Amino acid sequence: NWLIDEIESHKLKSLQENLFKNGKNKLLSKKIMSTLGFTLDFQIDYKEIKIDSLNSFAWLGRGYPYRWITLYKADKKKYANSNAAWKQFEEDISIFIPEITISNHFRKTTLRAHNNQKVTVLNGLYEHEISDSGGPFATYMFDMKGSNDLILITGYVNYPGRKKIKLLEEIENIIFTINLGD
C-alpha cells in the first residue's frame, strides 16, 4: 500500500507541475473561496459558467476539449450510502444544471485516499442536452469533519471520439488541490 501511495503521489505531483505551468486563475479561486468557503486551484483558462451564491453552487469550465467542474456543499446524511448518494447526486444536478442527465450506465462507486482521508468517488456518464453530447464524469465527496456538510466536486469531460482518461486525471489533480480555507 505504501508503494502504491508513493507512486500515486509522485504521479499527481508531476501532473500538477505540468498542469499549472502557464499559471493559475487566482481571481477565480478567490471568488470561489468567498462564495463557497473552500476553493481549488484552477488553470489560467478556466472561466465562470454559473455561480449561485444562495445555493453555494459553482460551475466552471474551459474550452475544447471541454472540461467542466462543479462545486457545492450538501447534507452528508443525504449521501449516507452508495445508493442514496447516486439518487441525491442526480437530484442535485437536476436542480443546479437541468440540461445535464446522469446516465444509469457504467456507474461505479469507489474510495480514494487523499490527505489521510477516504474520499468517496462516483464515476459514470452524463449527457448534455443543449450540445447533444456528453462523456464521463467523476464526483469526489469530501467529508467536512465537525459539520453536517459534504463538499461535492465533479469533473466532466467532453471530447468526442478521443481518449479522455488524461483529461479526467487532470481534473482529479485540480480537485485534489482543494483548500478548505484553513
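Helices (H or I, at least four residues) and strands (E, at least two) are DSSP runs, numbered from the N terminus. Welcome to this predicted model, where local features need pLDDT of at least 70, side-chain atom pairs count only at pLDDT 80 or more, and totals for chains, interfaces and linings use all residues. Residues are numbered from 1 along each chain as its sequence is written, and side-chain values use heavy atoms, with hydrogens and water left out.

The chain holds four helices and eight strands, in the order α-α-β-β-β-α-β-β-β-β-β-α. Of its 182 residues, 44% count as buried.

Let us visit helix α2, residues 26-36. Here "buried" means under 20% relative accessible area and "exposed" over 50%, with partly exposed in between (1.4 Å probe, protein chains only).

| Side of α2 | Residues |
|---|---|
| Buried | Leu 28, Ser 29, Ile 32, Thr 35, Leu 36 |
| Exposed, turned away from the buried side | Lys 26, Leu 27, Lys 30, Ser 34 |

After α2 comes Gly 37, with a positive phi near 85 degrees.

Next, the hairpin. Strands β1 (residues 47-52) and β2 (residues 57-62) pair in the antiparallel sense over five bridges; pairing requires that DSSP finds at least two bridges between two strands. Asp 52 stands opposite Phe 57 in β2. Four residues lie between the strands of this hairpin, where Ser 56 takes a positive phi near 50 degrees.
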